[in-house]
Amino acid sequence: MIARILASLLATMVGVMARLVTGVRADWRGCLPELRQRIYFANHGSHGDFVLIWTVLLPHLRAVTRPVAGADYWDRPGPRRFIGRKVFNALMIDRHPLPSSPHPVEQMVEAAREGSSLILFPEGTRNTTDEPLLPFRGGLYHLAKAMPQLELVPVWIDNIARVMPKGEMFPIPLLCGVIFGEPLRLETGEQKGAFLDRARSALLALRPRRGQGEDAATEAHP
Amino acid sequence: MNVPPESFMLFGGVVAVLLLASLIGALLAWRAGNSPDPAIQNLNARIKAWWVMVFLIALAFLFGKGGVVLLFAFASFAALREFMTLADTRRGDHWALATVFFVSLPLQYYLVWIEWYGLYTVFIPVYCFLLLPIIAALRGDTTRFLERIAFVQWGLMICVFCVSHVPALLSLSIPGFEGHNLLLIAFLVLVVQGSDVLQYVFGKLFGRRKVAPSLSPSKTWEGLVGGVASATALGAALWWITPFNPLQAAAMAFVICLLGFFGGLVMSGIKRDRGVKDWGRMIEGHGGMLDRLDSVIFAAPIFFHMTRYWFTL
């Protein structure tokens, strides 16, 4: 009871903080915020990533959506585990599983079978390079193969890596955006490599072009 | 600080203008019927946002100095967030950015709050100016060093230093005007924003020749002349809320309008360079906080110093 009240209080606080720091806005460009089972797959630049997606999802979508989180970071004993499990209802996976422990893909498939939508970072680790997006690992493909009826929604999280770069202690307030693209599905007979390439391009296509703009905009506001 | 009685008349007048604007907007939308024109939708969104902004300023006035300082500190924060979002900073700027947000901004507004004139006028242009490149140097990343640090310094000057001169008007002691300093803020904001709105109106009605086509397609000579002339007249007509006589009020208003115009132009230049149309999307119909504040930013410090030089002891 107390834990539940605390969790909902923390959830509100996390949402307010995320908005205060990043002014985050959702851009449902390729699909609508409908209540259907989906796999949201996003770029990964910071621990704040799924917090942003989670913040912009409407409450009824949030209730059925579970972020897939690395157990090595989010399942350590203490407040982090409480937040991870009780506030975000994260699906904890072991990124370097022992032969005896459940395989991450099996865990995801099982959660999807239970009806949850998932938030997934196919790069597998936080991207600290100058490249916009790392190559995808195979999890997204295996999940899509096991559950071919699911909608796979690419989600570009813009700017969050600058808010909280890897290794920094506190976030810098900068505007962030969360852009939802057009859902895709695994085609029948599509090979793993081709599918992952297609998914990765769909995600990259959502990335806003910024800076050094010769293509300056049309109308300014007085 | 008590709210000067004149402010109630001012807000009454502003509300009357907004009511009229809302009525015109509703009529235009009604006439357009089922095929709503984006320009009319944008107009109505702007008018709606104006209601919110006027309400927030009125609320701040009711709380006196604390309310006004807090309101503009928040405006600075939102503006700085928009500005730094467009900066091409690197990981090595993290400490410098943190200093700007968590030290410079609160400290500047604290200095304005305690009315320490001698420090709040030099704190950012001297101390922060020198401290920021030191912090960046300590991180050791030399890629585009000057460009990166200059952007951060500029953001701090524009979004914090300049904006903080609006609440700083409260610290001026003008003989015979004691307890009325909120009206200086009202004068500045009404003239600057009035000038923006009137330039927009004159531009939409008569605008033909563009002033600076490479910077802003919406600024025209007709809008500029009509807007500045009418906003100067508005300023002169408001002389009774100021320590100025009508002629002085007109001159002040004229300078404010010109600076506001050029402020908008400079900020457009930065936006063009970064390839964006608006600074953000915080204020429906207007764009970001900086889209609304750009003219205030350039007018505020100059208005502050002109008033201080000529009208305080």
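This is a predicted model: local features need pLDDT of at least 70, side-chain atom pairs count only at pLDDT 80 or more; totals for chains, interfaces and linings use all residues.
Trainee: Which residues have the most contacts inside the largest nonpolar core?
Mentor: Those are A:Ile53, A:Val155, B:Val163 and B:Leu188, in a core of 139 residues.

Trainee: And which domains of chain B does this core draw on?
Mentor: Domain 2 (71-171) and domain 3 (172-313) of chain B each give at least three residues to this core.

Trainee: Back to A:Val155, what is it in contact with, leaving aside neighbours within four places in sequence?
Mentor: There's a run of A:Tyr40, A:Phe41 and A:Ala42, then A:Ile53, and then A:Val178, A:Ile179 and A:Phe180.

Trainee: OK, chain B now. What does the domain assignment give?
Mentor: You get domain 1 (1-62), domain 2 (71-171) and domain 3 (172-313).

Trainee: How many residues of domain 2 of chain B are in contact with domain 3?
Mentor: 15 residues of domain 2 of chain B, and they meet 20 residues of domain 3. Taken over C-alpha atoms, the centres of those two domains are 23 Å apart.

Trainee: Which helix gives the largest share of the domain 2 side?
Mentor: That's H7(B), with six residues. Helix H3 (64-85) and helix H7 (145-168) of chain B each supply at least two residues of that side.

Trainee: How does that side split by class?
Mentor: The domain 2 side that touches domain 3 of chain B has 12 nonpolar, two polar and one charged residues.

Trainee: Switching to helices H8 and H9 of chain B, at what angle do their axes cross?
Mentor: Roughly 140°, and the axes of H8 (residues 182-206) and H9 (residues 221-237) come within 7 Å. The crossing of H8(B) with H9(B) is right-handed.

Trainee: Which residues make the contact?
Mentor: On H8(B) they include B:Val191, B:Gly194, B:Leu198 and B:Phe202. On H9(B), B:Gly223, B:Gly227, B:Ala231 and B:Leu234 are among them.

Trainee: And how do the residues of that H8(B) and H9(B) contact divide?
Mentor: Nine are nonpolar, nine polar and one charged.

Trainee: Last one: where is B:Leu190, and is it buried or exposed?
Mentor: B:Leu190 sits in helix H8 of chain B. It counts as buried because it has 21 C-beta neighbours inside 10 Å, and the cut-off for buried is 20 or more.

Trainee: How far is its C-alpha from that of B:Leu238?
Mentor: The C-alpha atoms of B:Leu190 and B:Leu238 are separated by 9.4 Å, with the two residues 48 apart along the chain.

Methods. Residues are numbered from 1 along each chain as its sequence is written. Chains are lettered from A and ligands numbered from 1 in the order in which they are written. A nonpolar core is a set of buried Ala, Val, Leu, Ile, Met, Phe, Trp, Tyr and Cys residues joined through C-beta atoms within 7 Å. A residue is buried if 20 or more other C-beta atoms lie within 10 Å of its own, exposed if 12 or fewer, and partly exposed in between; C-beta atoms are placed from the backbone. Domain bounds come from an automatic or database domain assignment. Two residues are in contact if their C-beta atoms, placed from the backbone, lie within 7 Å. Axes are lines fitted to C-alpha atoms, for helices over the stretch in contact, and angles run from 0 to 180 degrees between N-to-C directions. Helices (H or I, at least four residues) and strands (E, at least two) are DSSP runs, numbered from the N terminus. A crossing is left-handed if the near helix is turned anticlockwise from the far one by less than a right angle, and right-handed if clockwise. Ala, Val, Leu, Ile, Met, Phe, Trp, Tyr, Cys and Pro count as nonpolar, Asp, Glu, Lys and Arg as charged, and the others, Gly among them, as polar.
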